[in-house]
Amino acid sequence: MALFSTPPQSLCILRLSAIGDVCHAIAVVQAIQAHWPSTKITWVTGKIEAQLIGDLPGIEVVVFDKKAGWAGMKAVWAALKGQQFDALLHMQVALRASALSLGIKARYRVGFGKNRTKEGQWLFTNRHLPDTNSFHVLDNFADFARYLGVPFDQPHWNIPLSDEDTAFARQQINQHPTLIISPAASKDERNWLTERYAQLADYANEKGMQVILCGSPAPREVTLGQAIEQLCQHPVKNLIGQTSLKQLTALLGQATVVVAPDTGPAHLATTQGTPVIGLYAHSNPQRTGPYNSLNTVCSVYDQHAEAQHGKPVSALPWGTRVKGDQLMKDISLAQVTATLDTLIS
């Protein structure tokens, strides 16, 4: 039986990070809004993620600054003082998020089911999703909507972009077939080989595409972009560190194809309807890959997972990762260019 038979007055969403997971959560939250337009929704999220969701229609955003530690938690609690939500959707299993949830008042505190929870989240919630067969992270988030009483089929996104952000993207793309490469994952071991990014860029150039590099202003990402650019035989446009999050979203939406390892821009591109070639070795792309482009993922996860754990992937626990700083080299250039060909032919 659904938790609510009539629309609740208020819900609080607790999902702090990261960009990819927040993209998944947006689709679920907007499905709730579409089904219950009168329900007031408050979302507690991180500083970077607030740049993406801060102007989502009908959502009050409360920013948690994790770098501020205890003071950041108290600031969130102060912002929510006096509010009592009908339900808190505790959509992040990290212990820090659970500690933050203690200062959020709600009748129902809904967390993941036993086969998806960890880090003691069970102790911070009073309602729990049933055990699930949902595999992709987005589908696990969708289980929250279904538990409340909201039907969920396919994800849809409405992320507002300003005229200025759209104009910036159109100026960069300039109506050319465009491959965007977002080369940096959160950890360097999850990046593809630098020389292969350059070889892919040259291949796309020879196919008549322009190539744009994108990413955050983090020094490691800027350095990677410069290294790729130096190895390319044809010109590329390097915009790493030169876009806001909304400009990046608009840019990804104007691209023909996006290539990325396990990183946020792959999911931003998905929200904009752009096909993605995901590059995966350390985590199962069926769980964390670009939701609408799972058929164009280039992955060596299965072979390494089976080698390291001695079992077929189907027998491994949900969320199983593999370790190693040389795994991504097993994704060949030929595998990626062949996948690109299927998307541009």
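Visitor: Which helix and strands do the buried residues of H8 pack against?
Guide: Helices (H or I, at least four residues) and strands (E, at least two) are DSSP runs, numbered from the N terminus. Buried means under 20% relative accessible area, exposed over 50%, and partly exposed in between (1.4 Å probe, protein chains only). Contact means heavy atoms within 4.5 Å. In this predicted model, the buried residues of H8 pack against helix H7 (194-206), strand E8 (210-213) and strand E9 (237-238).

Visitor: What pLDDT do local features need in this model?
Guide: Residues are numbered from 1 along each chain as its sequence is written, and side-chain values use heavy atoms, without hydrogens and water. The model is predicted, so side-chain atom pairs count only at pLDDT 80 or more, totals for chains, interfaces and linings use all residues, and local features need a pLDDT of at least 70.

Visitor: Why do the buried residues of H8 line one face of the helix?
Guide: The residues in question are Glu221, Leu224, Gly225 and Ile228. Pro219 and Gln230, on the other side of H8, are exposed. The arc is that of the directions from the helix axis to the C-beta atoms. The buried residues line one face because, seen down the axis of H8, they fall within an arc of 100°.

Visitor: How many of the residues of H10 are buried?
Guide: The buried residues of H10 pack against several elements, including helix H1 (19-35) and helix H9 (245-254). Among the buried ones are Gly264, His267 and Thr271. H10 is mostly covered, and its buried count is eight of eight.

Visitor: Which residue has its backbone oxygen 3.1 Å from a polar atom of the Thr263 side chain?
Guide: Thr263 is in the loop between strand E10 (257-260) and helix H10 (264-271), and it is buried, with a relative accessible area of 13%. A polar contact is a pair of N or O atoms within 3.5 Å; within protein, one must be able to donate a hydrogen and the other to accept it, and residues adjacent in sequence count only if both atoms are side-chain atoms. The backbone oxygen 3.1 Å away belongs to Ala184.

Visitor: What is the relative accessible area of Gln175?
Guide: Gln175 lies in the loop between helix H6 (163-173) and strand E7 (178-181). Its phi is near 65°, a positive value in a residue other than glycine. Gln175 counts as exposed because its relative accessible area is 80%.
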